[in-house]
Amino acid sequence: MSQVKLAILYYSATGTNHQLARWAQEGGQQVGAEVKVFKVQELAPQSIIDSNAAWKANSEATKDVPNATPDDLVQADAIIFSVPTRYGNMAAPMKQFLDTTGGIWAQGKTINKVVSAMTSAQNPHGGQEATILSLYTMMYHWGAIVVSPGYTDQSVFAAGGNPYGTSVSVDQDGKMKEDVQAAVMHQAKRVVTVAEWLKKGMQV
Ligand SMILES: Cc1cc2nc3c(=O)[nH]c(=O)nc-3n(C[C@H](O)[C@H](O)[C@H](O)COP(=O)(O)O)c2cc1C
C-alpha cells in the first residue's frame, strides 16, 4: 500500500477528460495510492449545455462527481490534471478554478505537490502540447514538482508520443482516435511512484 494521496482534477464537457481521469484513477489505485477524483465547477450556461447532446449527457452522468475545492488539493500529495484544449489553451473552468488557489499558494500549501497533466483536442496538432505546457507554467509558480511521462514507457509511443503528458485527439462524434489508456495508467503510476519517493525522502 502506497502512502500517497492522489487527487485527479478534471474538466470535461463531452466526456473525454472524464474518461482520462478514470483511467488515471485506475492506474493510481493499481500502485496502491488513495485516489480521489474531482471535477471543476462548470461555468457554461445551462442553455449551452442543453444544446449539445454529448455535453448534456456527460453533465448528467457526472453530476455526483464532487466539485474540487482548494482544500482538496492541500490534502493531496500528488495531483493529475485533465482538461480539454480550447483555442490552444486549457478550458476556462480549469483556469478559473486554479485562479482560486491564490490563498493556498500564499500559505505555501502548493509547494512540492507532485503534478502532471493530460489533455484532449479535436486535432492531433490542435494545441495539445501548448495546453499542457500552459498548465505547467502555473505549476512552476506553485512550487510544484512537474512529473511528465517523457518517454519512460512504450505506452507513450503507442499513444502518439507526447512526452509532456498524455493527450488524445477526438473525432467529430467525440470518439477517441488513439488508444491512450495504457499511457494514462503509466503516467498515473509514475506520478504516484515519484510522489512516494519524495514523501519517504522528506520523512528521513
Ligand atoms: C471553444 C472550443 C475551442 C476548441 N479549441 C480547440 C483547439 O484549439 N484545437 C483542437 O484541436 N480542438 C479544439 N476544440 C475541441 C476540444 O478540444 C474537444 O472538444 C475536447 O478535447 C473534448 O474533450 P471533452 O470531451 O473532455 O470535453 C475546441 C472546442 C471548443 C468547444
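Mentor: Before we start, a residue counts as buried if 20 or more other C-beta atoms lie within 10 Å of its own, as exposed if 12 or fewer do, and as partly exposed in between, with C-beta atoms placed from the backbone. One caution: this is a predicted model, where local features need pLDDT of at least 70, side-chain atom pairs count only at pLDDT 80 or more, and totals for chains, interfaces and linings use all residues. Residue numbers start from 1 along each chain as its sequence is written.

Trainee: Okay. How many helices and strands are there in the chain?

Mentor: The chain has nine helices and seven strands.

Trainee: What percentage of the residues count as buried?

Mentor: That's 43% of the 204 residues.

Trainee: Let's look at strand 1, then. Is it mostly covered or open?

Mentor: Mostly covered: strand 1 is residues 5-10, and five of those six are buried.

Trainee: Which strands does strand 1 pair with?

Mentor: Two strands pair if DSSP finds at least two bridges between them. Strand 1 runs parallel to strand 2 (residues 34-39), with six bridges joining them, and I8 sits opposite V37 there. Strand 1 also pairs with strand 3 in the parallel sense, over five bridges, and L9 has F81 as its bridge partner in strand 3.

Trainee: What do strand 1, helix 1 and strand 2 make?

Mentor: A right-handed β-α-β unit. Right-handed means that, with the strands pointing away from you, the path from the first strand over the helix to the second runs clockwise. Strand 5, helix 7 (residues 128-142) and strand 6 make a right-handed unit too.

Trainee: You mentioned strand 5. Why is it called largely enclosed?

Mentor: Because eight of its eight residues are buried. In a regular strand the side chains alternate between the two faces of the sheet. Here V114, S116, M118 and S120 lie on one side and V115, A117, T119 and A121 on the other, and all of them are buried.

Trainee: Who are the partners of strand 5?

Mentor: Strand 3 pairs with it in the parallel sense over seven bridges, with I80 bridged to S116. Strand 6 (residues 145-146) is joined to strand 5 by two bridges, also parallel, and V114 stands opposite I145. Strand 7 (residues 167-169) runs parallel to strand 5 as well, with three bridges, and A121 is partnered there by S169.

Trainee: Switching topic: which residues come nearest to the ligand?

Mentor: There are 19 residues around it, and S12, T14, T16, A121 and G126 come nearest. The cut-off is a C-beta atom, placed from the backbone, within 6 Å of the molecule. Helix 1 (16-30), strand 3 (78-86) and strand 5 (114-121) each give two or more residues to that shell, and strand 3 has the largest share, with three.

Trainee: What classes of residue make up the shell?

Mentor: Five nonpolar, 13 polar and one charged. Ala, Val, Leu, Ile, Met, Phe, Trp, Tyr, Cys and Pro count as nonpolar, Asp, Glu, Lys and Arg as charged, and the others, Gly among them, as polar.

Trainee: What about backbone angles? What's the phi of Y87?

Mentor: Positive, about 50°, although Y87 is not a glycine. Most residues other than glycine have a negative phi. Y87 lies in the loop between strand 3 and strand 4 (89-90), and with 11 C-beta neighbours inside 10 Å it counts as exposed. N112, another non-glycine, has a positive phi near 70°. That one is in the loop between helix 6 (102-106) and strand 5.

Trainee: Last one: which residues does G143 touch?

Mentor: Not counting residues up to four places away in sequence, G143 touches T110, I111 and N112. Contact means C-beta atoms, placed from the backbone, within 7 Å. G143 belongs to the loop between helix 7 and strand 6, and is partly exposed, with 13 other C-beta atoms within 10 Å.

Notes:
Helices (H or I, at least four residues) and strands (E, at least two) are DSSP runs, numbered from the N terminus. Two residues are in contact if their C-beta atoms, placed from the backbone, lie within 7 Å.
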